[in-house]
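Subject: Structure handover

Dear colleague,

Please find the structure below. My notes on it come after.

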Amino acid sequence: MNTVGTEAPPARILVIDDEPQIRKFLEIALRSQGFAVEEAATGRQGLELLATRGADLVVLDLGLPDLDGHQVLAELRSWSRAPVIVLSVRSSEAEKVRCLDAGANDYVTKPFKFAVLLARIRAQLRQHEQSEDAVFAIGPYTFKPASKILLDEKGSKIRLTEKETSI
């Protein structure tokens, strides 16, 4: 809950989809719901945006012109914990299982109802927010994402900037 005078920034959603109509529709619809939206037409562009600007959630199409969505998912899972919702025309049970086993948090089949996608986005953001209390060990360091604090091996606090935290 926000208190008066403190407003949380909007959740950032990265849409990686090669179809301009889908990207535009999602941009308009998600912005109307208060989200900040970044768009990428290729897998490489999406990975670059995620690495440089960060995102609170990724909506990922599997049929991309440069990389298969599975490659994008594998790459981003190697360094990002952002929730990923696959949005694809591929509707087989085997495809859904493959994506979920590879690290996707949810799978929505095209064509889709925006209200359902929106509810799944909200659910993933809630779940991810709760996991922000987690603590990560990175070599001799301990990282607390929620407070943006890095502790060295002696327990000394190193406060990180927003940009350092997103990287």
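The notes start with the model as a whole, then take the sheet, the helices and a few single residues.

This is a predicted model, so local features were taken at pLDDT of at least 70 and side-chain atom pairs at pLDDT 80 or more, while totals for chains, interfaces and linings use all residues. Residues are numbered from 1 along each chain as its sequence is written, and side-chain values use heavy atoms, with hydrogens and water left out.

Overall

The average pLDDT (the predictor's confidence in each residue, from 0 to 100) of the protein chain is 88, and 87% of the residues score at least 70. Residues 1–6 have a pLDDT below 50, and beyond near neighbours in sequence this stretch makes 2 contacts in the model; contact means heavy atoms within 4.5 Å.

The protein chain has 6 helices and 9 strands. Both are DSSP runs numbered from the N terminus, with helices (H or I) of at least four residues and strands (E) of at least two. Of its 167 residues, 40% count as buried. Buried stands for under 20% relative accessible area, exposed for over 50%, and partly exposed for what lies in between (1.4 Å probe, protein chains only). Among contacts in the protein chain with a separation of 6 or more, 52% are between residues 24 or more positions apart.

The sheet

Five strands form an open sheet in the order E2-E1-E3-E4-E5, with parallel pairing; two strands pair if DSSP finds at least two bridges between them. The edges are strand E2 (36–40) and strand E5 (106–109), and because each has a single partner strand, one side of each is left without a neighbour in the sheet. On average, neighbouring strands of this sheet are turned by 20° against each other, direction ignored. For this and the angles below, axes are lines fitted to C-alpha atoms, for helices over the stretch in contact, and angles run from 0 to 180 degrees between N-to-C directions.

Going through some of the pairs:

- Strand E1 (residues 12–16) pairs with E2 in the parallel sense over 5 bridges. Val15 stands opposite Glu39 in E2.
- E1 and E3 run parallel and are joined by 4 bridges. The bridge partner of Ile13 in E3 is Leu57.
- E3 and E4 also run parallel, joined by 3 bridges. Val58 has Val84 as its bridge partner in E4.

Which residues of E3 point one way, and which the other? Leu57 and Val59 point one way from E3, Val58 and Leu60 the other way, and all are buried.

Helices H2 and H3

H2 and helix H3 (residues 69–77) pack with their axes 10 Å apart, at an angle of about 20°. That makes H2 roughly parallel to H3. The cut-offs are under 35 degrees for roughly parallel, over 145 for roughly antiparallel and 65 to 115 for roughly perpendicular, the rest being oblique. Gly43, Leu47 and Leu50 of H2 make the contact with Val72, Glu75 and Leu76 of H3.

Gly46 is in helix H2 and is buried, at a relative accessible area of 1%. Leaving aside its neighbours within four places in sequence, Gly46 is in contact with Leu14, Ile16 and Ala40. The C-alpha atoms of Gly46 and Val72 are separated by 8.3 Å, with the two residues 26 apart along the chain.

Apart from neighbours within four places in sequence, Ser88 is in contact with Asp61, Leu62, Tyr107, Val108, Thr109 and Lys110.

Lys110 is also one side of a cis peptide bond, which joins Lys110 and Pro111 with omega of about -5°. Pro111 is found in the loop between E5 and H5.

Gln124 lies in helix H5 (residues 114–131). Gln124 counts as buried because its relative accessibility is 9%. Its contacts, leaving aside neighbours within four places in sequence, are Leu57, Pro83, Ile85, Asn105 and Asp106.

Regards
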